[in-house]
Amino acid sequence: MSNGEKEEKTRVIDLKEIKSDPKNRHAYFICISGKIAGKMFKVEQNEMLIGRSDDANIQIEDEGVSRKHAKITKLADGQIMIIDLGSTNGTFFNGTKISEHILKDGDKIQIGSTTILKFSYQDDQEEQFQKQQYDSATRDHLTKIFNRKTFAERFIEEFSYALRHSKIYSLAIMDIDHFKKVNDTYGHQAGDYVLRQLADVVSQLIRNEDIFARYGGEEFVLLLRDTDEEKAFVCAMRIRRAIEKHEFKFQDKVIPITISIGISTLKGGNFKTPEEMFREADEYLYKAKNNGRNRVESIINA
């Protein structure tokens, strides 16, 4: 046996020993199907709520999930139980509807129409690996906000839901003004710095339920749930001003940065497809560019 093989065998044995120690393992729910597939939720409280509600510990945006769908309870003996809270579409284990169920490692629970949660005990290394896998699939590697693929999936889902339920929904497309000049003048490292900083600034100004993503290059998109054209305009103006005032300082050089923003709002079935809604926001973005940049354009100031 080679030294490499001995080392490999040792590593496997060590990992097995780590897993066998309960003190090194924690209970998790891993979403393996649905719009948040890959996301992990650590069981850290004696009771945790599952549902669409904003105060849910495990928040699942699935039409088939009730606002307060089920709860997780730690029993006195350390076991963990899931209890259905009278949900509309039920909670299922192995295809059977349940009112309550004591969970075992590897159990799969269906919540709503498409979401499946796997109950699993994970150590710190497994948790970190799972998080990295989820982030690499859903996040932009540079800015750490959502990537274009995740945005496209969520945009279609959110648009369809808003259209069916007569909800108001706004989309903002924002673009950094003269970004090519930033790269040409200060270098691509400075350009990357600007992109990361902008993502951080905007992330601090939006709500948890908003979907903020890098669409490509210097272009970003923001989905605003339950937000009409006036509120969306106010939000976009707040973002524009914050970027204009923020000091983008790279290697002792201050880089002046502004953005242009275009907005469209789904209201009363005015758009039939997500593409129509995106096209209008994009047209307003170009209008902002043509009208001098560093401005917001929408139906509000059309």
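Two strands are said to pair if DSSP finds at least two bridges between them, and strands (E, at least two residues) and helices (H or I, at least four) are DSSP runs numbered from the N terminus. By that rule, five strands form an open sheet of mixed pairing in the order β4-β3-β5-β6-β9. This is a predicted model, in which local features need pLDDT of at least 70 and side-chain atom pairs count only at pLDDT 80 or more, while totals for chains, interfaces and linings use all residues. Residues are numbered from 1 along each chain as its sequence is written, and side-chain values use heavy atoms, leaving out hydrogens and water.

**The sheet**
- The edge strands, each pairing on one side only, are β4 (58–59) and β9 (100–102).
- Strand β6 (residues 80–84) runs antiparallel to β9 and is joined to β9 by three bridges, and I83 has E100 in β9 as its bridge partner.

**Helices α4 and α5**
- The axes (lines fitted to C-alpha atoms over the stretch in contact, with angles from 0 to 180 degrees between N-to-C directions) of α4 (residues 179–186) and α5 (residues 188–203) come within 6 Å and cross at roughly 135 degrees.
- The contact (heavy atoms within 4.5 Å) is made by F179, V182, N183 and Y186 of α4 together with H188, A190, G191, V194 and L195 of α5.

**Residue N294**
- Not counting residues up to four places away in sequence, N294 touches D177, R240, E244, T258, I259 and S260.
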